Amino acid sequence: MNVGILGCGAIANIITNFAVEGKLGVDLTFFYDRDMERAENLASQVDGTVVLNIENMLEKVDLVIEAASPQAVSETVPQVLEHGVDIIIMSIGALMDPKLREKLKTLASKNNAKIYAPSGAIVGIDGIKAASIGKIESATLVTRKPPRSLGVSADEETILYEGKAGDAVLKFPMNINVAAAISLACGREIDVKIIADPAVDRNIHEVHIVGDFGEITTITQNIRCSINPKTSVMAAYSAIKLLNGLNETLRIGT
C-alpha cells in the first residue's frame, strides 16, 4: 500500500521513524507540507518524493494521512476523497462541524473511499463506541496539560475552559482532538474541562461515561512529543496501529 502524508510535523516524524525501522507495514511514498524543508527532511529518510501540491500525489497513493491542521481537513481532504483515495484524519476536531462531516461522508461514499479517524491520545474508544449502542446518560472529559502545551503561561492550576466539546475544539483546535474523538464515539457532544497545570509534565485526559451499560472511567497520562508539546506520542501511535491493522487478518476491537 502506497501512503502519502499531508503535514510533516510531529506526528509525521514519528510515523516516518517507524517506517525507517521497518515497523509500519505500508510504504510512505509522498510527502507534502507548506514548509518544503520539513517535507524534504522526512522524504529523504525513506527515499520518498516531495510534492508541491497535494493533487500531485493522489493518482499514485492508496491512502493519505492528514496530520496538518483542522483547516487542512476542510480545504484538502475533499480533494483526496474526490479521487477515491482513503484518508486518515488526525485533526479529528474538524469533524465536529456537522456540515463538513456530512460533506466528507457523502464524498467518500460517492467515490468508494474510506475515512479513518484514529483513537488519538486516549484509551477506551472501543468501549465508548460499544456503550453508544445503548443509552449514554453523561459523558465528560477533563484534560490537564502543562501550560506550555496549551500555549499559555500560568504559575498555578488554571481552568482555561469549561463547556461543550464543539466550542472547546474551536478555542483549542490543536490541543483537544480527544474531545472530538469521544463525542463522535458517543454520538453526542460531551462536556469538557481544560486545565493548565504547571505541576504536571504530561498531557492527562480523564474520561467518565455513564449509561445503561454501567460506567467507564479512564485516565491517560501521555508523554508529550519532543518536537511539539501540544502533541502526545500516543496520537501518532494510534495512527501507526491503524495503518498496520489495515493488513491484519485478525482484528481485535472495533
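**Entry 1: ground rules**

I worked with a predicted model in which local features need pLDDT of at least 70 and side-chain atom pairs count only at pLDDT 80 or more, while totals for chains, interfaces and linings use all residues. Residues are numbered from 1 along each chain as its sequence is written, and side-chain values use heavy atoms, with hydrogens and water left out. For the elements I took DSSP runs, numbered from the N terminus: helices are H or I runs of at least four residues, and strands are E runs of at least two.

**Entry 2: helix α1 and its surroundings**

I began with how far α1 (residues 10–20) is covered, taking buried as under 20% relative accessible area, exposed as over 50% and partly exposed as in between, with a 1.4 Å probe and protein chains only. By that count α1 is mostly covered, with eight of its eleven residues buried, namely A10, I11, A12, N13, I14, I15, T16 and A19. I then looked up what these residues pack against, with contact meaning heavy atoms within 4.5 Å, and noted β1 (2–6), β2, α2, β4 (63–66) and α9. After α1 comes G22, whose phi is positive, near 75°.

**Entry 3: α1 against α9**

How do the axes of α1 and α9 cross? I noted that the axes of α1 and α9 (residues 233–245) come within 9 Å and cross at roughly 50°; here axes are lines fitted to C-alpha atoms, for helices over the stretch in contact, and angles run from 0 to 180 degrees between N-to-C directions. That makes α1 oblique to α9, since angles under 35 degrees count as roughly parallel, over 145 as roughly antiparallel, 65 to 115 as roughly perpendicular and the rest as oblique. The crossing is right-handed, which means that the near helix is turned clockwise from the far one by less than a right angle, anticlockwise being left-handed. On the α1 side I listed I11, I14, I15 and F18, and on the α9 side V233, A235, A236, Y237, A239, I240 and L243. These residues divide into eleven nonpolar, no polar and no charged, where Ala, Val, Leu, Ile, Met, Phe, Trp, Tyr, Cys and Pro count as nonpolar, Asp, Glu, Lys and Arg as charged, and the others, Gly among them, as polar.

**Entry 4: α1 against α2**

I next turned to α2 (residues 36–45), which packs with α1 at an angle of about 15°, the axes being 9 Å apart. That makes α1 roughly parallel to α2, and α1 passes α2 in a left-handed crossing. The residues that meet are A12, N13, T16, N17 and V20 in α1 and N41, L42 and Q45 in α2. I recorded this contact as three nonpolar, five polar and no charged residues.

**Entry 5: the two sides of α2**

Which residues of α2 are buried? I found A39, L42 and A43, and they cover an arc of only 100° around the axis, which puts them on the same side of α2; the arc is that of the directions from the helix axis to the C-beta atoms. The face turned away from this buried side carries the exposed residues E37 and S44. What covers the buried residues of α2 includes α1, β2 (27–32) and β3 (49–50).

I looked up F31 in strand β2 and found F31 buried, with a relative accessible area of 0%. Leaving aside neighbours within four places in sequence, I noted F31 in contact with residues including T16, A39, L42, A43, V50 and V51.

I then took I89, which is found in strand β5 (residues 86–89) and counts as buried at 1% relative accessibility. With the neighbours within four places set aside, its contacts are E66, V73, V77, L95, L104, I115, Y116, A117 and P118.
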